[in-house]
Amino acid sequence: MEDEEHEVYGQEIPVDGEDVDMSAGDDATKLQELDEMKRRLKEMEEEAAALREMQAKVAKDMQDPNATTSENKEEMDSRSVFVGNVDYACTPEEVQQHFNSCGTVNRVTILTDKFGQPKGFAYVEFVEVEAVQEAIKLNESELHGRQLKVAPKRTNVPGMKQPRGRGFNPYRPYGYSPYGYGYGYGRFPRFRRPRRPYF
């Protein structure tokens with residue numbers, strides 16, 4: 001295999017111990033390559049600056065809608081009503097047709113569970129705020145043989161959940177634990193000091 005000849009395009013392979021002349025290329029071509037590399041570097045820097053500007057703009061847009069979405073949500077909720085006791089076979093088009101007499105319906109949302117089955121209530125959003133008062137007049141009207149419950153939609157305030165306590169029971173003594181450990185504040189009985197042995 002050592003006897004095979006190797007060709008290098010442009011010049012021959014140097015023999016061991018022989019110096020290679022690196023100044024064989026033309027200075028003009030080297031200058032052109034250098035200018036081309038500088039031009040590419042400049043283009044890449046401009047692209048990087050444009051990308052940074054776009055990222056800053058997107059970050060700014062992501063922050064601003066969060067401030068305005070709460071205002072938009074409150075405004076949308078002021079134009080919406082809650083409709084309860086909706087028949088499970090009811091479609092959004094039928095609910096929209098039922099509320100068309102109140103005003104222009106923008107959107108009907110029938111909520112579903114994780115399996116896609118309707119939960120039995122819906123939200124109707126109107127274009128005009130005045131339509132909400134007209135829709136409330138349709139409270140206890142019938143749709144598919146069921147009496148609808150219509151109320152203005154309330155805006156949820158984050159962090160303001162209603163407490164889900166059991167309420168006051170006059171027959172349950174104060175400090176009573178439902179877990180069967182007697183009186184006390186926690187699940188476990190109060191700590192008692194061990195008895196001293198008799199000796």
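Buried means under 20% relative accessible area, exposed means over 50%, and partly exposed covers what lies in between (1.4 Å probe, protein chains only). Welcome to a few close-up views of this predicted model, in which local features need pLDDT of at least 70, side-chain atom pairs count only at pLDDT 80 or more, and totals for chains, interfaces and linings use all residues. Residues are numbered from 1 along each chain as its sequence is written, and side-chain values use heavy atoms, with hydrogens and water left out.

View 1. Let us start with Arg79, which counts as buried at 10% relative accessibility. Arg79 sits in the loop between α1 and β1; helices (H or I, at least four residues) and strands (E, at least two) are DSSP runs, numbered from the N terminus. Leaving aside neighbours within four places in sequence, the residues in contact with Arg79 (heavy atoms within 4.5 Å) include Asn106, Phe126 and Val132. Its side chain also has a polar contact of 3.3 Å with the side chain of Glu125. A polar contact is a pair of N or O atoms within 3.5 Å; within protein, one must be able to donate a hydrogen and the other to accept it, and residues adjacent in sequence count only if both atoms are side-chain atoms.

**View 2. Arg79 paired with Glu75.** Here Glu75 and Arg79 form a salt bridge, with their closest N and O atoms 2.7 Å apart. The term stands for a side-chain nitrogen of Lys or Arg within 4 Å of a carboxyl oxygen of Asp or Glu, and by this rule the count comes to nine salt bridges. Glu75 is partly exposed, at a relative accessible area of 38%.

**View 3. Asp77 meets Lys153.** In this view, a salt bridge of 3.2 Å, N to O, brings together the side chains of Asp77 and Lys153. The pair links distant parts of the chain, 76 residues apart: Asp77 belongs to helix α1 (residues 27-78), and Lys153 to the segment after β6 (149-152). Asp77 is buried at 5% relative accessibility, while Lys153 is partly exposed at 26%.

**View 4. Arg146 reaches Asp87.** The closest N and O atoms of this salt bridge are 3.7 Å apart. Arg146 lies in strand β5 (residues 146-147) and Asp87 in the loop between β1 (80-84) and α2 (92-99), so the pair ties together parts that are 59 residues apart in sequence. Arg146 is partly exposed, with a relative accessible area of 24%.

**View 5. A charged network.** To finish, look for Glu36, Arg39, Arg40 and Glu43, which are joined in a network of salt bridges.
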